[in-house]
Amino acid sequence: MNKKMLERERIKNQSFIEDILPLDKSIILFTGLGISGKSTFRRALFQYFKNEGKNVEHYDADNFKKIRHPLDKLCLKQLPDKFDDKIYLIEDIHAPLSKGAIMPISDYDKIFYLLPDIKSHNMFWAQRMINLYEFGTFSCEADSGWSGTGKKRDPANIEGIVNAYLHDMENREKWIKEDLDVVSNCPNQIVKSVWTKEGPVFY
């Protein structure tokens, strides 16, 4: 049986770490296409910096009420009113947009933009569709929560799952262009997220 890959082992490009590791304070954004590995990458950096003894916190602007991963236990909190001398890792898919962003994009010291190629993006989505079917849901909006019957492996959810996938694929290039038009005006680094048989890795 293969050993499970640790979150920090998913980081294949050390430049993601080298620029941040010497810092005592930084506010870092994780954004990009939906279902592209943002949460996994955030957790990987959180785990790495924590193991290095850094004072680091991480947040998910989606504000999920249920824990999706053990490391997300520390995500179930609101952003502070004042940022102390810590490294803050903040995931927000809406950050490049003026509507829905948890804070202005200009307030971040660095932006990681997750960008899988079309093959990997389809693989990310394939795994997500399996998970959605298992959980009985097919999409989530901040104001309305999860859509779906809530019944595990309910065929009634299949149409919604497929429509969500097709909607993302149809808008993929437009959303990338719109995001990068904004992100390019800030300190940023493109993260190539790649799907493997062991899950996402990042270059």
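Colleague: Which residue lies over the face of Tyr59?

Modeller: Bear in mind that this is a predicted model. Over the face of Tyr59, at 4.4 Å from the ring centre, sits Lys77.

Colleague: OK, on to ring pairs. How many aromatic pairs does a search of the whole structure find?

Modeller: Two rings pair when their centres lie within 6.5 Å. Run over the whole structure, the search gives aromatic pairs to the number of 11.

Colleague: What kind of pair do Phe30 and Phe41 make?

Modeller: The ring centres of Phe30 and Phe41 are 5.6 Å apart, and the planes meet at 65°. Planes over 60 degrees apart count as edge-to-face. So the Phe30 and Phe41 pair is edge-to-face.

Colleague: And how many residues apart in sequence are the parts that this pair ties together?

Modeller: Phe30 belongs to strand E1 (residues 26-32), while Phe41 belongs to helix H2 (residues 38-51). The pair therefore ties together parts whose separation in sequence is 11 residues.

Colleague: Is Phe30 buried or exposed?

Modeller: Buried means under 20% relative accessible area. Phe30 has a relative accessible area of 0%, so Phe30 is buried.

Colleague: What about Phe30 and Phe112: stacked, tilted or edge-to-face?

Modeller: Their ring centres are 5.6 Å apart, with the planes at 40°. Under 30 degrees would count as stacked and over 60 as edge-to-face. An angle of 40° therefore makes the pair tilted.

Colleague: In which strand is Phe112, the partner of Phe30 in that pair?

Modeller: This pair links distant parts of the chain, 82 residues apart. Phe30 is in strand E1, and Phe112 is in strand E4 (residues 110-114).

Colleague: Now the largest nonpolar core: which element gives the most to it?

Modeller: That core has 18 residues, and Phe41, Leu45, Leu89 and Phe112 have the most contacts inside it. Elements giving two or more residues are helix H1 (15-18), E1, H2, strand E3 (87-91) and E4. With 5 residues, the one that gives the most is H2.

Colleague: How many residues are in the second, separate core?

Modeller: That core includes Ile27, Leu29, Ile105 and Tyr108. Its residue count is 17.

Key:
Residues are numbered from 1 along each chain as its sequence is written. This is a predicted model: local features need pLDDT of at least 70, side-chain atom pairs count only at pLDDT 80 or more; totals for chains, interfaces and linings use all residues. Side-chain values use heavy atoms; hydrogens and water are left out. Rings of Phe, Tyr and Trp (its six-membered ring) pair if their centres lie within 6.5 Å; planes under 30 degrees apart count as stacked, over 60 as edge-to-face and the rest as tilted. Helices (H or I, at least four residues) and strands (E, at least two) are DSSP runs, numbered from the N terminus. Buried means under 20% relative accessible area, exposed over 50%, partly exposed in between (1.4 Å probe, protein chains only). A charge sits over a ring if NZ of Lys or CZ of Arg is within 6 Å of the ring centre and within 35 degrees of the ring normal. A nonpolar core is a set of buried Ala, Val, Leu, Ile, Met, Phe, Trp, Tyr and Cys residues joined through side-chain atoms within 4.5 Å.
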